[in-house]
Amino acid sequence: MCRSLEHLPNTCLERAKELKARFGSFLLKQELNIMGHSQKNEKLMLEDRQNWSFHELLSHKEGQCAFTTFLSSEYSEENVAFYLVCEDYRNTKSSSKLCSKARKIYEEFICSDAPREVNLDHETRTITLKNMEQPTLSCFNLAQSKIYTLMEKDCYPRFLKSAVYQELIT
């Protein structure tokens, strides 16, 4: 039984990443077919998809799914998950749910040794922790903004060159 991935040759790891990305794009296509998109809508959306900005990519389910698949192949899907959970948090209607939702987000993504810890600087973590004392709809704005910028500047350019993106636009 394999104890860790570091003992595998790099070629095996690269191949595994490639297969994971291809499999993810296959699942994306299947999901789109299940959702019942017609051929006409697909052609229109194809033209739109080729011109999506990063913001537009995250605004569409197909874009989110493809980008998440790509980040999974790079073992960094926690970034888009954090961004999306912050968007959901910001739309919370019930003020009684804010505190528990905020605590869950903080424990899952921000605190040290969080299971899906995102890459934030110490100052941002400290400010976010202070915001947690009295959670508001904007308590994660700074952290979300940092992760958005990280994805836009670092991950998105690589995504545009990936097989997952090529599958999305063809």
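Is Asn-79 buried or exposed? With a relative accessible area of 5%, Asn-79 is buried (buried means under 20% relative accessible area, exposed over 50%, partly exposed in between, using a 1.4 Å probe and protein chains only).

Before going on, keep in mind that this is a predicted model: local features need pLDDT of at least 70, side-chain atom pairs count only at pLDDT 80 or more, and totals for chains, interfaces and linings use all residues. Residues are numbered from 1 along each chain as its sequence is written, and side-chain values use heavy atoms, with hydrogens and water left out.

Asn-79 sits in helix H5, residues 78-90 (helices are DSSP runs of H or I with at least four residues, numbered from the N terminus). Setting aside neighbours within four places in sequence, Asn-79 touches Val-118, Ile-147, Leu-150 and Met-151 (contact means heavy atoms within 4.5 Å).

Now for the rings. Rings of Phe, Tyr and Trp (its six-membered ring) pair if their centres lie within 6.5 Å; planes under 30 degrees apart count as stacked, over 60 as edge-to-face and the rest as tilted. That rule gives 10 aromatic pairs, and here are two of them:

| Pair | Centre to centre | Angle between planes | Type |
|---|---|---|---|
| Phe-82 and Phe-109 | 5.5 Å | 55° | tilted |
| Tyr-156 and Phe-159 | 6.4 Å | 25° | stacked |

Phe-82 in helix H5 and Phe-109 in helix H6 (residues 95-110) are 27 residues apart, so this pair links distant parts of the chain. Tyr-156 and Phe-159 instead both lie in helix H8 (residues 141-160), 3 residues apart, about one turn of the helix.

Phe-82 is buried at 0%, and Phe-159 is buried at 0% too.

How values were computed:
Helix = DSSP H or I, 4+ residues; strand = E, 2+ residues; numbered from the N terminus.
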